[in-house]
Amino acid sequence: MFFEKFRMDGQTAVVTGGGRGIGLACAEALGEAGARIVIIDRDEAVAESGRRALAGKGVEADALVLDVTHSAAVDKAAADIFAKHGRIDALVANAGIARTGTAAEDTPDELWLNVNDVNYNGVFWCNRAFGRYMLKAGRGAIVNIGSMSGYIVNRPQLQTYYNASKAAVHHLTASLAVEWAERGVRVNAVAPTYIETEMTKTVVDKTMMDIWIRDTPMGRMGQPHEIASVVHFLACDASSLITGATVKADGGFTCW
Ligand code: NAD
């Protein structure tokens with residue numbers, strides 16, 4: 001009976017940025033737990049390849065093409081998903097972008113706004129839109145993907161805009177959690193270390209990688225499934241007493 005709390009049969013779970021990487025691993029985990037999955041991704045080909053990968057593993061999913069920075073489109077997606085499935089039980093607000101290499105004093109407005117628009121505004125638009133349906137139902141769980149960069153300052157790469165956007169996600173998580181705690185909606189976040197995905201492939205060079213590994217007590221990067229298992233825990237009833245938490249899944253990185 002104890003493990004019943006980890007099941008999500010009959011539930012509907014939405015994963016933004018779910019076409020690949022951490023989001024896809026989360027979609028797979030929640031789908032394996034029994035939830036009906038809706039992948040949201042701004043890239044149509046990526047969304048569709050994610051849907052096919054899940055189907056290959058026996059997980060049924062819808063793929064929806066949507067840019068989370070467009071708040072009206074996010075509201076419409078939430079309405080459409082609710083109309084189709086009749087319930088929205090879990091949201092994984094995972095869509096995010098990494099940009100590095102520009103010093104704070106040289107950061108153009110466009111770079112600052114772009115990173116914060118996806119990583120921070122997009123998370124709020126999704127929490128607000130999907131959270132409304134959860135509040136009406138009196139139950140739901142939201143998991144936002146933050147980062148250890150919301151706690152520490154990465155080195156050697158310069159990325160003030162990214163670090164600040166992720167710290168904002170953590171505090172947004174706590175703020176929403178408090179507002180919605182008595183109304184049955186839990187809001188938590190996960191703060192990953194460096195994870196092997198397309199995101200880290202595009203920014204990494206050998207010297208940088210050596211520094212990342214040296215700075216990590218576990219001496220390695222993480223894999224998407226190692227974040228997905230934490231997300232699953234926070235999305236299902238096994239974590240029924242947890243809200244407002246940002247769980248570090250960082251191989252000990254923030255301890256040093
Ligand atoms: P990824 O680039 O592999 O995947 C991100 C997905 O999000 C892509 O499919 C992309 O198309 C989608 N996406 C981006 N912008 C979007 C938008 N505006 N609307 C809808 N979809 C959008 O990245 P990942 O490594 O899987 O990262 C996922 C999340 O985890 C991000 O929020 C990232 O900041 C966070 N994170 C990643 C790492 C890491 O080392 N990979 C570490 C800490 C936190």
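Where does the ligand sit? The ligand sits in the largest pocket. A pocket is, on a 1 Å grid over the protein atoms alone, an open set of points with protein on both sides within 12 Å along at least five of seven lines; a molecule sits in it if more than half of its atoms lie within 2 Å of its grid points. The elements that give two or more residues to the shell are helix H1 (21–32), helix H5 (160–180) and helix H6 (198–203), helices being DSSP runs (H or I) of at least four residues, numbered from the N terminus. H6 gives the most, with three residues.

This is a predicted model, in which local features need pLDDT of at least 70 and side-chain atom pairs pLDDT 80 or more, while totals for chains, interfaces and linings use all residues. Residues are numbered from 1 along each chain, and side-chain values use heavy atoms, without hydrogens and water.

Around the ligand there are 28 residues, of which Arg20, Asp41, Tyr162, Ile195 and Thr197 come nearest; a residue is near if one of its heavy atoms lies within 4 Å. A side-chain N or O atom of Asp41 is 2.6 Å from a ligand oxygen. The protein buries 96% of the 830 Å² that the ligand exposes when taken alone (Shrake-Rupley method, 1.4 Å probe).

Helix H1 also contains Gly31. Gly31 counts as buried because its relative accessibility is 13%, under the 20% limit (1.4 Å probe, protein chains only).

How values were computed: Polar contact = N/O pair within 3.5 Å; in protein donor to acceptor, adjacent residues only side chain to side chain. 1 Å grid on protein atoms, 1.4 Å probe; cavity = no way out; pocket = protein on both sides within 12 Å on 5 of 7 lines; lining within 4 Å. Buried < 20%, exposed > 50% of the residue type's maximum accessible area, 1.4 Å probe, protein only.
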